[in-house]
Every structure is written in structure tokens, then in C-alpha cells.
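User: Could you take a close look at one part of this structure for me, the place where its aromatic side chains come together, and explain each term as you go?

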Amino acid sequence: RRKASSATFGDFVDALSPLLSSLEATQESLRKVWRLMDENRQGSLGIEDLTRIVSKYGIGFTAEEITDMLEFANENQDGEMDFDEFYGVFVRSQDGS
């Protein structure tokens, strides 16, 4: 079960929206954001990466909210989020799911 959090993954993506090159969030524009977030080119982001991103871009989320967002996105339960999971959550948040 996924925990309810005061911050949603959609909020996280909204906070990153200035990094999007267009108003419409496409897979291509989200891939560009992903490349900015995945600085080490690991192919996935863990809690430390998300904490760094939140700090770097001045996004006001607590450690618990960051953990909740990672757990929400982490479909395969490996403790990290890959691009497909990131993209899938964004698509679901846009659809209102």
C-alpha cells in the first residue's frame, strides 16, 4: 500500500516544470528533465538523488515526503526510480489517476 503524503509526485513534477522546454509535457520533454536529474547517468534515482534534486532546485519537501514519492513511483520495489517509472507516474498524475 502506498502512503498518503501532503506532497504528491505531481507536486514534485510541477516544481520541476521550469526545466521543461515546452508547456506540453511530452515523453521527450520529460526525458530532458530526467537527464538533468540523473546527473551520474545511472539510469535510476534513489532517495539520495531525489534529496539532492529537491535541495538543488529549492523544492520544499521533507525527507518523509521524498521517501513517500519514491515509494509511490517505485513500481518494481527496487528502491529506485527509473525513467519508465518517472514517466508513468507523470502520465497518471496528468490523467488524474
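Analyst: Helices (H or I, at least four residues) and strands (E, at least two) are DSSP runs, numbered from the N terminus. Read in that way, the protein chain holds five helices and two strands, and from the N terminus on its elements follow the order α-α-β-α-α-β-α. This is a predicted model, in which local features need pLDDT of at least 70 and side-chain atom pairs count only at pLDDT 80 or more, while totals for chains, interfaces and linings use all residues. Residues are numbered from 1 along each chain as its sequence is written, and side-chain values use heavy atoms, with hydrogens and water left out.

Now to the aromatic side chains. Rings of Phe, Tyr and Trp (its six-membered ring) pair if their centres lie within 6.5 Å, and planes under 30 degrees apart count as stacked, over 60 as edge-to-face and the rest as tilted. A search of the whole structure finds four such aromatic pairs. In one of them, tryptophan 34 and phenylalanine 83 have ring centres 6.1 Å apart and planes at 75 degrees, so this pair is edge-to-face. Because tryptophan 34 belongs to helix α2 and phenylalanine 83 to helix α5, the pair ties together parts that are 49 residues apart in sequence. Tryptophan 34 also forms a tilted pair with phenylalanine 86, at 5.6 Å centre to centre and 45 degrees between the planes. Phenylalanine 86 lies in helix α5 and tryptophan 34 in helix α2, so here the parts tied together are 52 residues apart in sequence. One aromatic cluster is formed by Trp34, Phe83, Phe86 and Tyr87.

How covered are these rings? A residue is called buried under 20% relative accessible area, exposed over 50%, and partly exposed in between (1.4 Å probe, protein chains only). Tryptophan 34 is buried at 5% relative accessibility, phenylalanine 83 is buried with a relative accessible area of 5%, and phenylalanine 86 is buried with 1%. Across the protein chain, buried residues make up 37% of the 97 residues.

The charged end of arginine 31 sits over the ring of phenylalanine 83, 3.7 Å from its centre; a charge counts as sitting over a ring if NZ of Lys or CZ of Arg is within 6 Å of the ring centre and within 35 degrees of the ring normal. Arginine 35, in helix α2, is partly exposed at 44% relative accessibility. Although arginine 35 and phenylalanine 83 are 48 residues apart in sequence, they are 9.3 Å apart in space, C-alpha to C-alpha.

A nonpolar core is a set of buried Ala, Val, Leu, Ile, Met, Phe, Trp, Tyr and Cys residues joined through side-chain atoms within 4.5 Å. The largest such core has 19 residues, of which Trp34, Met37, Leu45, Leu50, Met81 and Phe86 touch the most other members. The elements that give two or more residues to this core are α2 (27-37), α3, α4 (63-73) and α5 (83-95). Leucine 45, leaving aside its neighbours within four places in sequence, is in contact (heavy atoms within 4.5 Å) with several residues, including Trp34, Met37, Leu50 and Met81.
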